[in-house]
Amino acid sequence: MASSSRVFGNYCRTLMAAAKTSTTTTPLPTTTATATSTVKGRYKGILKPQPISPALGKFVGATEISRTGAIKKVWDYIKTNNLQNPANKKEINCDDKLKTIFAGKDKVGFLEIAKLLSNHFQKAS
């Protein structure tokens, strides 16, 4: 088997050479507008706080929260109370508090969490 330097010659060395630095620098843009970022101080998309159901409100301790914030609070609760199934990390063993927001299910897959939480958010009008 031929070595890589014999096959590629010096071409490989030029590809692996350190990048040259330029002396001129251009300032980076300070903000970019995306679907999940703020535009003029207002949240958009999944970061926008929305009114939630009383059951989810009792769980998170607020009357409105963003979808990402709700999922983060649920995952924090799952991690602190060690509710993940040790044999199958994709499965969550629900306690009484989680059953109130997960439609009374004993076990929930981690991909189901966002779907089950979407029932607690008001639909956009």
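Start with Phe59, which counts as buried, at 11% relative accessibility. Keep in mind as we go that this is a predicted model.

What does Phe59 pair with? Its aromatic partner is Tyr77, in an edge-to-face arrangement, with 5.2 Å centre to centre and 75° between the planes. Tyr77 is buried as well, because its relative accessible area is 16% and the cut-off for buried is under 20%. The pair connects distant parts of the chain: Phe59 belongs to helix 3 and Tyr77 to helix 4, 18 residues apart. The count of aromatic pairs comes to 1.

Next, the largest nonpolar core, with 20 residues. The members that touch the most others are Leu56, Val74, Leu98, Ile101, Phe102, Ile113 and Leu117. Helix 3 (54-60), helix 4 (67-80), helix 5 (96-101) and helix 6 (113-118) each give two or more residues to this core. Helix 4 has the largest share, 4 residues. In general, nonpolar side chains in soluble globular proteins tend to be buried together.

Take Val74 as an example. Leaving out residues up to four places away in sequence, Val74 touches Phe59, Leu98, Ile101, Phe102, Ile113 and Leu117. That brings us back to Phe59, one of the residues Val74 touches.

A separate item is Arg67: its charged end sits over the ring of Phe121, 4.6 Å from the ring centre.

Last, confidence. The average pLDDT of the protein is 80, and 66% of the residues score at least 70. Over residues 31-35 the pLDDT is below 50, and this stretch has 4 contacts in the model beyond near neighbours in sequence. Where pLDDT is low, the predicted coordinates should not be read in detail.

Methods:
Residues are numbered from 1 along each chain as its sequence is written. Side-chain values use heavy atoms; hydrogens and water are left out. A nonpolar core is a set of buried Ala, Val, Leu, Ile, Met, Phe, Trp, Tyr and Cys residues joined through side-chain atoms within 4.5 Å. Buried means under 20% relative accessible area, exposed over 50%, partly exposed in between (1.4 Å probe, protein chains only). Contact means heavy atoms within 4.5 Å. pLDDT is the predictor's confidence in each residue, from 0 to 100. Rings of Phe, Tyr and Trp (its six-membered ring) pair if their centres lie within 6.5 Å; planes under 30 degrees apart count as stacked, over 60 as edge-to-face and the rest as tilted. A charge sits over a ring if NZ of Lys or CZ of Arg is within 6 Å of the ring centre and within 35 degrees of the ring normal.
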